[in-house]
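Please inspect the sequence and the model before reading each solution.

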Amino acid sequence: MVRVTEYAAIAASRLIGRGDEKAADAAAVEAMRDALNKLPFDGTVVIGEGERDEAPMLYIGEKVGTMQGSGPKIDIALDPLEGTTITAKAGANALAVLAIAEEGGLLNAPDVYMDKLAIGPGYAPGLVSLNRTPTENIRALAAAKGVEPHEIIACVLDRPRHEALIRELRGLGVGIQLIPDGDVAGVINVTDPDSTVDIYMGSGGAPEGVLAAAALRCVGGQIEGRLLFRNDDERARARRWGITDLDRIYQLEDLAKGDCIFAATGVTDGSLLEGVRRKRGGRITTESIVMRASTGTVRRVKSNRAGDPPKAG
């Protein structure tokens, strides 16, 4: 899994700062697909680049791996380049991300928005909830930590749709870490004891919510998600994937269950991982993280390779 995210990150790194989001994403997608198709399993993409007519590669439902029909059946959630705008502008926290689970272990979420709420491990179940207001959640978290609300730091995507949320949080004196993109890293940061972030709040992509949940299954923490629909087309898309309760609040194990494995490789430098570095003599270094739910293991992997990985075929 780490090799798959490494290949995608290295491919995307050629486009860092070049201002071309689509080219960076396409390079990562192609490299990740090539790497997945070298692995001995019967893999199905359950969260990918979109539906088949919209995405030529790594679309939802695409089969990957060398053992179709005979190998272990694996569900795959992926984002070959989480942070396309970040990469195009040479910003922080762009990642190549992948999660796998046994068949049926990952929510087959449509590519719509999801309202998310996440905190790290060590708190009573249900301490925060999407059924409560942001103010109620902040006060509950502060009380559990034994601090005042103004000592809490919240991570929020910097989007116009979050203006009311930001006003409410600042009215409590809460510190806000506004991020331009990359909410998978934003959610994972709440689990890191060395991070200053206490809570993730706001809406982002539903696929990213499932990927973040897979990571939390490995390291602990709480997350809730509720799908947000802007029009009838998005509601119809959800029903096509078997989602009938459009107002449901998904808990951690509704999003990711069983023995999940989460892997990510840094494309650009960020709070979670270092980015790809190209050095003299053509050598390339990467930093990755890989986690497993059944063991609670978290490994950091640094690689140093001679040049770009070979393409399939």
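How many salt bridges does the rule find across the interface of domain 1 and domain 2?

This is a predicted model, in which local features need pLDDT of at least 70 and side-chain atom pairs count only at pLDDT 80 or more, while totals for chains, interfaces and linings use all residues. Residues are numbered from 1 along each chain as its sequence is written, and side-chain values use heavy atoms, with hydrogens and water left out.

**Exercise 1. Characterise the interface between the two domains.**

Step 1. Domain 1 comprises 1-106 + 260-306 and domain 2 comprises 113-255; such bounds come from an automatic or database domain assignment. The centres of domain 1 and domain 2, taken over C-alpha atoms, are 23 Å apart.

Step 2. Contact (heavy atoms within 4.5 Å) links 27 residues of domain 1 with 20 residues of domain 2. The area buried between the domains is about 2000 Å², and carbon and sulfur atoms give 69% of that area. Buried area here is the accessible area (1.4 Å probe) that two parts lose on being put together, summed over both.

Step 3. The answer to the opening question is zero salt bridges, a salt bridge being a side-chain nitrogen of Lys or Arg within 4 Å of a carboxyl oxygen of Asp or Glu.

Step 4. On the side of domain 1 that touches domain 2, the elements giving two or more residues are S3 (73-82), H3 (84-88), S4 (95-102) and S13 (283-292). Helices (H or I, at least four residues) and strands (E, at least two) are DSSP runs, numbered from the N terminus.

**Exercise 2. Determine the setting of Ala94.**

Step 1. Locate the residue: Ala94 lies in the loop between H3 and S4.

Step 2. Classify its accessibility: Ala94 counts as buried because its relative accessibility is 0%. Buried means under 20% relative accessible area, exposed over 50%, and partly exposed in between (1.4 Å probe, protein chains only).

Step 3. List its partners: leaving aside neighbours within four places in sequence, Ala94 is in contact with residues including Leu81, Ile86 and Thr265. Ala94 and Thr265 are 171 residues apart along the chain, and their C-alpha atoms are separated by 8.8 Å.

**Exercise 3. Is Arg240 buried or exposed?**

Step 1. Arg240 belongs to helix H8 (residues 232-240).

Step 2. Arg240 counts as exposed because its relative accessibility is 52%.
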